[in-house]
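Here are my notes for you on this one. Have a look at the model first, then read on.

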Amino acid sequence: MKKIGVFYGTTSGTTAGVVDELEFYLRKDDYEIHNVADGISSLSEYDNLILITPTYGVGELQADWENVYDEFCKIDFSGKVVGLIGLGNQYAFGESFVGGIKVLYDVVINNGGKVVGFTSTEGYHYEESEAVIGDQFVGLAIDEGNQGDYTPEKIENWVTEIKPEFN
Ligand SMILES: Cc1cc2nc3c(=O)[nH]c(=O)nc-3n(C[C@H](O)[C@H](O)[C@H](O)COP(=O)(O)O)c2cc1C
């Protein structure tokens with residue numbers, strides 16, 4: 001398996017904690033973590049990517065992702081395999097739960113990439129989410145505030161599922 005590039009943004013630090021947990025399940029693989037606040041100039045070098053954003057505003061990207069959005073939209077994702085992880089709060093923001101990953105999803109798909117690691121919406125309690133296609137999230141939905149106890153198991157299952165899909 002080729003190297004995995006993990007790119008994340010965080011405003012209040014929760015996502016950084018989730019990235020630490022993700023690292024545990026990637027520990028036997030070749031991977032590199034990048035905080036989007038430091039830029040995304042190396043993103044196009046990876047054929048395997050895990051992109052992580054908490055949702056802010058109403059279903060929008062986290063601020064550091066917003067800052068690189070125009071650059072992100074110019075990336076050719078042909079041949080790239082991408083897994084998405086979204087953080088959100090299903091009770092406080094139940095009408096736009098983890099919507100931020102749909103913004104990333106749309107760019108990856110429009111620019112020729114493959115998104116893997118859709119997950120079931122079962123067990124979540126929200127009204128609406130832009131990040132749902134059919135009955136699945138377009139990535140892994142994490143709600144640390146309300147369901148953080150399940151996060152390690154969710155990440156482990158998701159990583160196990162997407163690894164065979166990587167280049
Ligand atoms: C101003 C604000 C807006 C938010 N909007 C949403 C939202 O639309 N949908 C959602 O699922 N979560 C929303 N959240 C919850 C955050 O995504 C969640 O707390 C996340 O864990 C924050 O990650 P971070 O600590 O890495 O920045 C919002 C939080 C704040 C403070």
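The points below go from the ligand site out to the domain record.

1. One thing to keep in mind throughout: this is a predicted model.

2. Start with the ligand's neighbours. The ligand is surrounded by 19 residues, and the closest ones are Thr10, Ser12, Thr15, Thr55 and Tyr56. Sorted by class, that shell holds 12 polar and 7 nonpolar residues, with no charged ones.

3. Now the backbone contacts. Glycine 57 puts a backbone N or O atom 2.9 Å from a nitrogen atom of the ligand. With glycine 59, a backbone N or O atom sits 3.0 Å from a ligand oxygen atom. As for cover, the ligand taken alone exposes 650 Å², and the protein buries 79% of that.

4. Which pocket does the ligand take up? The largest one.

5. Finally, the record. An unreviewed UniProt entry lists residues 4-163 as "domain: Flavodoxin-like". In the model, that stretch, residues 4-163, comes out as 31% helix and 22% strand. Its end C-alpha atoms are 10 Å apart.

Methods. Residues numbered from 1 in each chain as written. Predicted model: local features only at pLDDT ≥ 70, side-chain atom pairs only at ≥ 80, totals over all residues. Heavy atoms only, no water. Near = heavy atom within 4 Å. Polar contact = N/O pair within 3.5 Å; in protein donor to acceptor, adjacent residues only side chain to side chain. Areas by Shrake-Rupley, 256 points an atom, 1.4 Å probe, with all protein chains shown as cover. 1 Å grid on protein atoms, 1.4 Å probe; cavity = no way out; pocket = protein on both sides within 12 Å on 5 of 7 lines; lining within 4 Å. Sits in = over half its atoms within 2 Å of the grid points. Nonpolar A, V, L, I, M, F, W, Y, C, P; charged D, E, K, R; others polar. UniProt positions renumbered as here; feature names shortened; annotations may be inferred. Helix = DSSP H or I, 4+ residues; strand = E, 2+ residues; numbered from the N terminus.
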